[in-house]
Amino acid sequence: SEWSLVALLTLFAVLASGSQSESSCDARNNGCKVGNEVSWPEFLAWCKERDIIPSNKIEIKNSTLGGVGVFALEALQRDEEILRVPLGSMLNIEHAMISEEFASYFDLLDQHEFRELDVMALFLIFERARPASPFATYLKRLPSLLSWPPLLDEIVVRHLGDRDPALGRSASERLVQQTEAFQQASKLIGLSHTWLTWENFQWAHGILRSRSHLISARDSTGKWHRAMCLVPFADLFNTKVESTSAISVTCRTGAEAFGPASIFSCRTIRAVTAGEELLVTYIGDDSRRTRQRLLLDYGIDLF
């Protein structure tokens with residue numbers, strides 16, 4: 001299958017073992033909640049265990065853009081590293097491929113040529129329901145409730161189509177793809193599993209579309225590939241699509257300029273003042289940053 005070569009990515013070798021916050025969430029505040037069930041110190045402790053290293057010059061607190069965001073505790077210079085994440089600490093298709101618990105499901109999905117996005121969605125809700133998951137702390141931090149879009153149903157699709165016919169067609173195609181994938185997965189895996197529900201599947205699609213990074217990773221032959229990953233901590237950055245000058249951070253792997261291939265690094269691209277929110281570009285390729293995608297993937301409405 002298309003995943004066979006990707007299985008050789010660096011991640012295979014290096015694999016180890018929000019809701020809105022109520023107050024400022026730096027490491028000195030033990031009361032702040034990062035997600036529905038996980039406090040900031042608990043999340044930081046988990047990050048440390050996974051070698052995820054945020055700078056001590058940043059904090060998480062409420063954002064005027066909605067939810068929480070990442071802010072500079074002090075002035076930052078251009079090209080300062082503010083976050084470092086090893087590829088093995090990201091949630092991606094390689095984890096699904098080598099998971100002993102998910103292996104039988106993965107083989108079925110692979111045989112029936114499921115899309116990477118759908119396999120990732122199923123693996124995400126499977127891990128979310130598994131207390132022993134090495135990603136349990138991170139998954140508990142993710143928001144349990146999402147709005148539309150990216151969640152879709154026939155009523156939402158009709159509403160979007162009334163606003164813009166092309167947008168409605170895109171939304172309808174996406175809903176059909178999700179529905180067909182869920183129905184086929186239900187037949188293969190069986191609906192007796194409490195984690196396999198339409199609501200959970202849609203939730204996972206929403207999380208992946210709105211929070212995942214498309215990163216570069218290198219296999220054992222030295223060839224680079226693109227892979228969808230959920231990157232803990234990096235998914236807390238917000239954006240401003242209407243103001244490119246506000247963007248202050250870019251995140252890349254070694255293939256794209258920053259350090260070794262096994263590291264995902266976020267760095268400032270300009271000087272940042274103390275107290276300023278650190279913002280990233282959600283879709284790096286200008287040709288792919290369409291109004292349709294911004295709305296359907298991120299809920300950013302520019303129509």
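This is a predicted model: local features need pLDDT of at least 70, side-chain atom pairs count only at pLDDT 80 or more; totals for chains, interfaces and linings use all residues.

Colleague: Fine, but what does pairing mean in general?

Modeller: Strands in a sheet pair through backbone hydrogen bonds, in a parallel or an antiparallel way. Here, strand E8 (residues 249–253) and E9 run antiparallel and are joined by five bridges.

Colleague: Which strand also pairs with E9 in the antiparallel sense over five bridges?

Modeller: That's strand E4, residues 81–86. As a landmark, look for proline 86, which stands opposite isoleucine 263 in E9.

Colleague: And is E9 mostly covered or mostly open?

Modeller: Mostly covered: of the six residues in E9 (263–268), five are buried.

Colleague: What is the strand order in the open sheet of three strands?

Modeller: The order is E2-E3-E10, with antiparallel pairing. Strand E2 (58–62) and strand E10 (277–278) are the edges, as each of them pairs on one side only. E2 and strand E3 (residues 68–72) run antiparallel and are joined by five bridges.

Colleague: On to helices. How do I describe two of them packed together?

Modeller: Two packed helices are described by the angle between their axes and by the distance between those axes. Take helix H9 (residues 165–189) and helix H11 (residues 291–298): they pack at about 45°, and their axes are 10 Å apart. That angle makes H9 oblique to H11. The crossing of the two, H9 and H11, is right-handed.

Colleague: Which residues of H9 and H11 make the contact?

Modeller: H9 brings Ala166, Leu167, Ser170, Ala171 and Arg174, while H11 brings Gln292, Leu295, Leu296 and Asp297. Sorted by class, the H9 contact with H11 has five nonpolar residues, two polar ones and two charged ones.

Colleague: What is the crossing angle of H6 and H10?

Modeller: Roughly 110°, and the axes of helix H6 (residues 116–128) and helix H10 (residues 198–211) come within 9 Å. So H6 is roughly perpendicular to H10. This crossing of H6 and H10 is right-handed. Among the H6 residues in the contact are Leu117, Met120, Leu124 and Arg128, and the H10 side includes Phe201, Trp203, His205 and Leu208. By class, the H6 contact with H10 counts 11 nonpolar, two polar and three charged residues.

Colleague: Is glutamate 113 buried or exposed?

Modeller: Glutamate 113 has 69% relative accessibility, so it counts as exposed. Phenylalanine 233 also isn't a glycine, and has a positive phi of about 80°. Phenylalanine 233 lies in the loop between strand E7 (224–230) and E8, but it is buried, with a relative accessible area of 1%.

Colleague: Last topic: how do I spot residues that are apart in sequence and brought together in space?

Modeller: Valine 241, in the loop between E7 and E8, is 40 residues along the chain from threonine 281, and their C-alpha atoms are separated by 7.5 Å. Leaving out residues up to four places away in sequence, valine 241 touches Leu294, Ile300 and Leu302. Its relative accessible area is 25%, so valine 241 is partly exposed.

Colleague: Where is serine 186?

Modeller: Serine 186 is in helix H9. It is buried, with a relative accessible area of 10%. Serine 186 and leucine 196 are 10 residues apart in sequence, with 7.4 Å between their C-alpha atoms. Setting aside neighbours within four places in sequence, serine 186 is in contact with Leu191 and Leu196.

Key. Residues are numbered from 1 along each chain as its sequence is written. Side-chain values use heavy atoms; hydrogens and water are left out. Axes are lines fitted to C-alpha atoms, for helices over the stretch in contact, and angles run from 0 to 180 degrees between N-to-C directions. Helices (H or I, at least four residues) and strands (E, at least two) are DSSP runs, numbered from the N terminus. Angles under 35 degrees count as roughly parallel, over 145 as roughly antiparallel, 65 to 115 as roughly perpendicular and the rest as oblique. A crossing is left-handed if the near helix is turned anticlockwise from the far one by less than a right angle, and right-handed if clockwise. Contact means heavy atoms within 4.5 Å. Ala, Val, Leu, Ile, Met, Phe, Trp, Tyr, Cys and Pro count as nonpolar, Asp, Glu, Lys and Arg as charged, and the others, Gly among them, as polar. Buried means under 20% relative accessible area, exposed over 50%, partly exposed in between (1.4 Å probe, protein chains only). Two strands pair if DSSP finds at least two bridges between them.
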